[in-house]
Amino acid sequence: MFTWARDHVLHHKYSDTDADPHNSNRGLFLAHMGWLMMKKHPLLRQKQREMDWSELTNDKLIMFQHNYFLYVYIPIAVIIPVSVPVYFWNESLWNSFFVVYLLQYVTNLHITWSINSAAHRWGPKPYDTRIKAVQSTIATVLTLGDGYHNFHHAFPWDYRMTNQPFCVSARVLEILAYLGLAYDLKMVTPNIVQGHAKKHGDTADRDTFVDAVGNL
């Protein structure tokens, strides 16, 4: 959680620059997965050092998960799920490991990474044409609603990541808020969205994207 939150803050603050962990200006492959295979850009390392991460480091739950990640991850994400088909359905260890762990893990990673790649390359910009993030139909479908990236980068404080109804992540946050496990959910007002879109967005793009995924 700490690593993801840190990288996501930098991604928004320095989006599509050398201080962005997955700078889309350095190519589709790097934005998708190459950024995890190479050394971080010196400017990114510098900004990491300069930023104040105390909000994260002071959170005991986040730091517990960060410090003991492998001790939690290996049994919960690997051993227990892989053991279930082997024990209950007499599946071979290799088949279970491949399907239950490797296949779903790789698939989910590529779906998640589509936000960094596809959602910064192909799609309309109804809210802000000055940024690279787009409304990606591909990423929206794959991630069940997280591909409204032009909206998300134009209004990053909005927990919904979109003003469209189709976003599973937003519904999950609302359920957590109802249960008291999340709070202070912020939303951008329709007037601000309309004003920003009128000033900086492409209204023709907005109509096109809503026709494509707005009714999912």
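# Close-up legends

**View A. Asp-184 is found in the loop between α10 and α11 (190-200).** Helices here are DSSP runs of H or I with at least four residues, strands are E runs of at least two, and both are numbered from the N terminus. Asp-184 is not a glycine, yet its phi is positive, at about 55 degrees. Because its relative accessible area is 54%, Asp-184 counts as exposed; the classes are buried under 20%, exposed over 50% and partly exposed in between, with a 1.4 Å probe and protein chains only. Please keep in mind that this is a predicted model, in which local features need pLDDT of at least 70, side-chain atom pairs count only at pLDDT 80 or more, and totals for chains, interfaces and linings use all residues. Residues are numbered from 1 along each chain as its sequence is written, and side-chain values use heavy atoms, with hydrogens and water left out.

**View B. Met-161 is another residue with positive phi, near 65 degrees, that is not a glycine.** Look for Met-161 in the loop between α9 and α10. With a relative accessible area of 18%, Met-161 is buried, whereas Asp-184 in View A is exposed.

**View C. The whole chain, for orientation, holds 12 helices and 0 strands.** Reading from the N terminus, the elements run α-α-α-α-α-α-α-α-α-α-α-α. Along the principal axes, the C-alpha atoms fill a box of roughly 60 × 45 × 40 Å. Of the 216 residues, 38% are buried. The accessible surface comes to about 13,200 Å², and carbon and sulfur atoms account for 63% of this surface; the areas come from the Shrake-Rupley method with a 1.4 Å probe, and for residues only the protein chains shown count as cover. Among contacts with a separation of 6 or more, 54% join residues 24 or more positions apart, where contact means heavy atoms within 4.5 Å. The chain carries 19 positive and 18 negative side chains, and the centres of these two sets lie 6 Å apart. In that tally Lys and Arg are positive, Asp and Glu are negative, and His and the chain ends are not counted; each charge is placed at NZ of Lys, CZ of Arg, CG of Asp or CD of Glu.

**View D. His-120 lies in the loop between α7 (93-113) and α8 (137-142).** His-120 counts as buried because its relative accessibility is 2%. Which side chain makes a polar contact with the side chain of His-120? The partner is the side chain of His-149, at 3.2 Å. A polar contact is a pair of N or O atoms within 3.5 Å; within protein, one must be able to donate a hydrogen and the other to accept it, and residues adjacent in sequence count only if both atoms are side-chain atoms. Leaving out residues up to four places away in sequence, His-120 also touches others, including His-11, Asp-16, Lys-132 and His-153.

View E. Tyr-127 and Phe-151 form an edge-to-face pair, with 5.2 Å centre to centre and 85 degrees between the planes. Tyr-127 is in the loop between α7 and α8 and Phe-151 is in helix α9 (residues 149-154), so this pair ties together parts that are 24 residues apart in sequence. Tyr-127 and Phe-155 are also edge-to-face, because their ring centres are 6.3 Å apart and their planes stand at 75 degrees. Phe-155 belongs to the loop between α9 and α10 (168-178), so its pair with Tyr-127, in the loop between α7 and α8, ties together parts 28 residues apart in sequence. For pairing, rings of Phe, Tyr and Trp (its six-membered ring) have centres within 6.5 Å; planes under 30 degrees apart are stacked, those over 60 are edge-to-face and the rest are tilted. Buried or exposed: which describes Tyr-127? Tyr-127 is buried, at 1% relative accessibility. Phe-155 is buried too, with a relative accessible area of 1%, and so is Phe-151.

**View F. A cluster of rings is linked by ring pairs.** Its members are Phe-69, Tyr-73, Trp-94, Phe-97, Phe-98, Tyr-101 and Tyr-105.

**View G. Lys-47 is placed in helix α3.** Although a lysine, Lys-47 is buried, with a relative accessible area of 17%. Setting aside neighbours within four places in sequence, Lys-47 is in contact with Leu-10, Tyr-14 and Ala-19.

**View H. Met-37 is in the loop between α2 (28-32) and α3 (42-50).** Met-37 is exposed, with a relative accessible area of 55%. Met-37 and Ala-19 are 18 residues apart along the chain, and their C-alpha atoms are separated by 16 Å.
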